[in-house]
Protein chains: 2
Amino acid sequence: MRRSIKSDISSGPTNFRAPLRGIKLAGEFDLIAQCFAPLAGPEGLGLKDDAALFHPNPGTELVYTVDAVAAGVHFLPEEAPELIAKRLVRVNISDLAAKGAKPRGYLLTIALPHDLDIAWVQAFAKGLGEDQEAYGFQLFGGDTISTPGPLFMSLTAIGEVGQARMIRRTGARAGDDLYVTGTIGDATFGLEVAKGAHEAASEEDRTYLESRFRLPTPRIEFGQILAMEALATAAADVSDGLLADAGHIGIASGFDIEVIADAVPLSAPARRVVRDGNRLADAITGGDDYEIVFTARPNSWQMIKAASVKQGLQVTRIGRVVETLRDKSSVRLMGKCGDVIELEHLGYRHR
Amino acid sequence: MRRSIKSDISSGPTNFRAPLRGIKLAGEFDLIAQCFAPLAGPEGLGLKDDAALFHPNPGTELVYTVDAVAAGVHFLPEEAPELIAKRLVRVNISDLAAKGAKPRGYLLTIALPHDLDIAWVQAFAKGLGEDQEAYGFQLFGGDTISTPGPLFMSLTAIGEVGQARMIRRTGARAGDDLYVTGTIGDATFGLEVAKGAHEAASEEDRTYLESRFRLPTPRIEFGQILAMEALATAAADVSDGLLADAGHIGIASGFDIEVIADAVPLSAPARRVVRDGNRLADAITGGDDYEIVFTARPNSWQMIKAASVKQGLQVTRIGRVVETLRDKSSVRLMGKCGDVIELEHLGYRHR
């Protein structure tokens, strides 16, 4: 949409458009050529055509996801731009990971406040570039506009998965085991560290927890193994909190989910926070872990274990899928003796 | 990205995420279920999974484009939400049209101001739905966040094109003819009408011009014919202005473009504006036409004419591609006798 009603801004002629007028950033500096063109893969056509061209590999399907973030809402305006970029990338490709898809490319929208410095955009693009290299995917195109509001970004991620291999939320069945990758609760406590809490914890613990919050590690390769070897019957990424996301699988599949509290894997630093503050419920219901919670048939256990060892990634059996007790699927936290642990709230839920 | 540093907003667990707290819209109303889920095709998985799953047809490639718009910049806040929705859709799929791609789906990001009324979102979704039906494509997923800034939207459009059939900007060669679909300049004058100008024009002319500005008609079917029958050597959509976009083809292809001023097709209302105000240059350099400007080998003329007749779409030969006169490609407006017409500016250009 080139022409504005107020005619004070333009989105330009290519598949990565620059704001042209009314923004300090523009000036003599070619934002696209210098910051973003180096990030474009062959599919981006050098960001010089009207659109990107992507040739899917034969026998594959495409997986799409989109996430938006705004300054002051999802990140502090003073947060390092490299970190904002990487977090935006990783949160998106974590959705792809949980579906078993391999990230291939992305399209980016940035709304730039008038007073934003070019150095910010350069650092942001640097962060994108580093994560593109780390995860092996490319910029396909984008749009930058000028805004009187806060800095805002939206990223559409494109992943590829073998035909009929995408792991949905709906495939869990009674008798399946419930697993989770990595450790849970680090990000919840890491956010607290970022806000100045946990002063009594060691510097090492604080750094570890905060880094797990600031820079999640999407389980891209493990997700692909789950999909390719058809090990998972259902999966979701842990963004809303372990209990809530396990519950999403239960609701989508039409079964109940039981999570065994003591089985939930905690890192050593998180374990110390849990121990000192009786915070297990917060670890299990907090969000932003960006691990994969998934269900699998019991006879898949050996192969899951082998994949875990091969990837050097902790994978823990934390519960099971059972027939629904009531008319509606639910998720329960279970104690050692099969007792149900009541929680005031089971983490963030989508309504 | 679920958790915000300020923890006051959340993006939810599915491939269309709702802002949950701190926004009036949320309340008891399920924004996604009521407004957006009805727009989702099978690829959107009911907007209930982590991501969308798209199965490309065999032998096709995917074309991606993204456009963002903000209130007060690209549209007036009081503009009808249906029109904003349709314009956002059409401006995006116009890029697909110029590449010869068939629209298949889209992902949408909306940043909602706190005081926005739910009726606005409903009307916006209604506009999306009508254009989905008109152009035959579906919602794949999205993200809505709350913003302290202006209403903002970003749309990523996904199109499909036969393998190796996408029409690039780079394929024009000396000797090719230059064509454009439809008529040029309507949107430029229509924007002026929307701003209150052209009071002397007839009500009919004013309505026609304004509607051409407010609701462009992307040339989806004609673009697909150009691609499928390999009629065009290069193409772009006319968003920056006819001369500028023809120039983009010239630059990308490494040739000069000559546009014959008298050959540029004008609608009857635009012709009257041009005649009364000596405004031909403004028609040719104004933007927002969302027609397709393309080049073709001279021997393609008969087939182009046949496609034009079959589609009931005016297609006009307006110039040619020639060897570059200088060391750099340029676009020239030509008079009746082969003379070069000087223009103060050749429309909006990307830098």
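**View 1. Helices and strands of chain A.** Ten helices and 13 strands make up the count for chain A in this predicted model. Helices are DSSP runs of H or I with at least four residues, strands are runs of E with at least two, and both are numbered from the N terminus. Residues are numbered from 1 along each chain as its sequence is written, and chains are lettered from A in the order in which they are written. As the model is predicted, local features need pLDDT of at least 70, side-chain atom pairs count only at pLDDT 80 or more, and totals for chains, interfaces and linings use all residues.

**View 2. Burial and contacts in chain A.** Chain A has 351 residues, and 62% of them count as buried. Buried means that 20 or more other C-beta atoms, placed from the backbone, lie within 10 Å of the residue's own. Take contacts between residues at least 6 apart in sequence: 83% join residues at least 24 apart. A contact requires C-beta atoms, placed from the backbone, within 7 Å.

**View 3. Helix α5 of chain A.** This helix covers residues 203-214. Its twelve residues should span 16 Å at 1.5 Å a residue, and the end C-alpha atoms are 16 Å apart, which agrees. The expected span is 1.5 Å times one less than the number of residues. Buried residues of α5(A) include L209(A) and F213(A). The buried residues pack against α2 (81-98), α4 (186-194) and α8 (268-277) of chain A.

**View 4. The axis between the chains.** A 180° rotation with 0.0 Å of shift along its axis superposes chain B on chain A, with RMSD 0.0 Å. That is the relation of a two-fold axis. In chain B, the C-alpha of G149(B) comes closest to the rotation axis, at 2.0 Å.

Key:
Copies are superposed by least squares on the C-alpha atoms of residues with pLDDT of at least 70 in both. A residue is buried if 20 or more other C-beta atoms lie within 10 Å of its own, exposed if 12 or fewer, and partly exposed in between; C-beta atoms are placed from the backbone. Two residues are in contact if their C-beta atoms, placed from the backbone, lie within 7 Å.
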